[in-house]
Amino acid sequence: MAAPKVAVVGAGVIGLSTALCITETCPSCSVTVLSDQFSPNTTSDVAAGMLIPHTYPGTPIHVQKQWFKETFTYLSAISNSAEASEAGIHLVSGWQIFKNMPKEELPFWWDIVLGFRPMSAAELQKFPQHRFGQAFMTLKCDCPPYLLWLEKRLKSTGVQMYIRKVSDLWELHSEYNIVVNCAGIGAHQLVGDKKLFPIRGQVLKVHAPWVKNFIRDGDGLTYIYPGIHRVTLGGTREKENWSLSPDPGTTKEIFDRCCSLEPSLQAAQDIEVKVGLRPSRQCVRLQREVLSQGGVKLLVVHNYGHGAGGFSVHRGTAKEAAHLVGECIAALQGTSSRAKL
């Protein structure tokens, strides 16, 4: 059969990474990325891009750990290369701190990040409200540069990218053999997924180049993540809130919370407010589906619903989605060879 045509819907970190993994694992494919928004206007552009996993209650821990390990290994290689600066990837050390002892002293990902250990009493003196902490080094993606780097990689392999609003996966069936749904929160409407809901995140991007260490409160609400050019201060987790408008009261509250952990931030300059809707569900939807209408079949692979943890597992889930695309291609080739008989 002719080279299978694959459409990837969505151009955030999940969509672009999935498209890249498909070109790597199925080089005979023709891959096109379709999205109504590209960087800098995606949800991924708002993300802090820290590799600290969030747990998906509906996904086995060993699967989540594998996704994280693959992502960490992939980004580590980039951070050790001449492309690290362009891709916006760097190592950062810091602390995760807790007011009360966490249920598990060792999170499932402790042996993947670097130098994981309990904080010393002397280190904890910096945070008098907190009783326990973990020190480690992890990777951070500065998101807009990383998305542009992924786009550049895709273009170099011949992937086409078009601004296009896809309202129904069926509208693609005459042009493409396989459709990969990486629409993020857009999947709520696109495929009518009622298990998918937004968790609104408001963050501040500030100029504070003296802040070198990350600080994350164990509740996940307050965090300070230094990037190459800006420090991300967060945040909020507002379930079922669809508003993309910044809230000035929330901005002040985030700033005050972060200053209570790192008082030097009082001198931060050039505060920019960003809002994104995390596409959340009990587990990432990563599966094949065959849609059929009037005897016509459309092969679909879903890869969305990563919530707040997308950057931490994006490469792992993209590889799994690319593997599912490979299975779809094998099925197509099987039907086309049977048709010839």
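Contact here means heavy atoms within 4.5 Å of each other.

## Ground rules

What you have above is a predicted model, where local features need pLDDT of at least 70 and side-chain atom pairs count only at pLDDT 80 or more, while totals for chains, interfaces and linings use all residues. Residues are numbered from 1 along each chain as its sequence is written, and side-chain values use heavy atoms, with hydrogens and water left out.

Helices (DSSP H or I, at least four residues) and strands (DSSP E, at least two) are numbered from the N terminus. For accessibility, buried is under 20% relative accessible area, exposed is over 50%, and partly exposed is in between, using a 1.4 Å probe and protein chains only.

## What the record says

UniProt, in an unreviewed entry, annotates residues 5-324 as "domain: FAD dependent oxidoreductase". Such annotations may be inferred rather than shown by experiment; the feature names are shortened and the positions follow the numbering used here. Over residues 5-324, the chain comes out at 28% helix and 31% strand, with its end C-alpha atoms 15 Å apart.

## The listed binding-site pair

Under "binding site", the unreviewed UniProt entry lists Y223 and R278. Y223 sits in strand 10 (residues 223-226), and R278 belongs to strand 13 (residues 269-280). Are they buried or exposed? Y223 is buried, at a relative accessible area of 8%, and R278 is buried too, at 13%.

The two are in contact with each other. Leaving out neighbours within four places in sequence, Y223 also meets V203, I215, R216, T232, L233, G234, G235 and C258.

## D217

D217 is in strand 9 (residues 214-217). With a relative accessible area of 6%, D217 is buried. Which residues does D217 touch, not counting those up to four places away in sequence? They are I97, K99, H130 and T222.

## Salt bridges

A salt bridge needs a side-chain nitrogen of Lys or Arg within 4 Å of a carboxyl oxygen of Asp or Glu. The search of the whole structure turns up 20 of them.

Take R153 and E24, whose side chains meet at 3.9 Å, N to O. This pair links distant parts of the chain, 129 residues apart: R153 is in helix 6 (residues 143-156) and E24 in helix 1 (residues 13-25). R153 is partly exposed at 29%, and E24 is partly exposed at 37%.

Another one joins R281 and D193, at 3.1 Å, N to O. R281 is in the loop between strand 13 and strand 14 (285-293), and D193 is in the loop between helix 7 (187-190) and strand 8 (197-207), 88 residues apart. R281 is buried at 13%, and D193 is buried at 7%.

Then there is R200 with E238, at 2.7 Å, N to O. R200 is in strand 8 and E238 in strand 12 (residues 238-239), 38 residues apart. R200 counts as buried at 2%, whereas E238 is partly exposed at 26%. R230, D270, E272 and K274 are linked in a salt-bridge network.

Strands of a sheet pair through backbone hydrogen bonds, either parallel or antiparallel. In this model, an open sheet of six strands runs in the order 6-2-1-7-15-14, with mixed pairing. Strand 6 (160-163) and strand 14 are the edges; each has a single partner strand, so one side of each is left without a neighbour in the sheet. From one strand to the next, the twist averages 20 degrees.

Two strands pair if DSSP finds at least two bridges between them. Strand 7 (residues 178-181) and strand 15 (residues 296-304) run parallel and are joined by four bridges, with V179 opposite V300 in strand 15. Helix 1 lies across strand 1 (5-9), strand 2 (30-35), strand 7 and strand 15, and runs at about 175 degrees to strand 2. Axes are lines fitted to C-alpha atoms, for helices over the stretch in contact, and angles run from 0 to 180 degrees between N-to-C directions.
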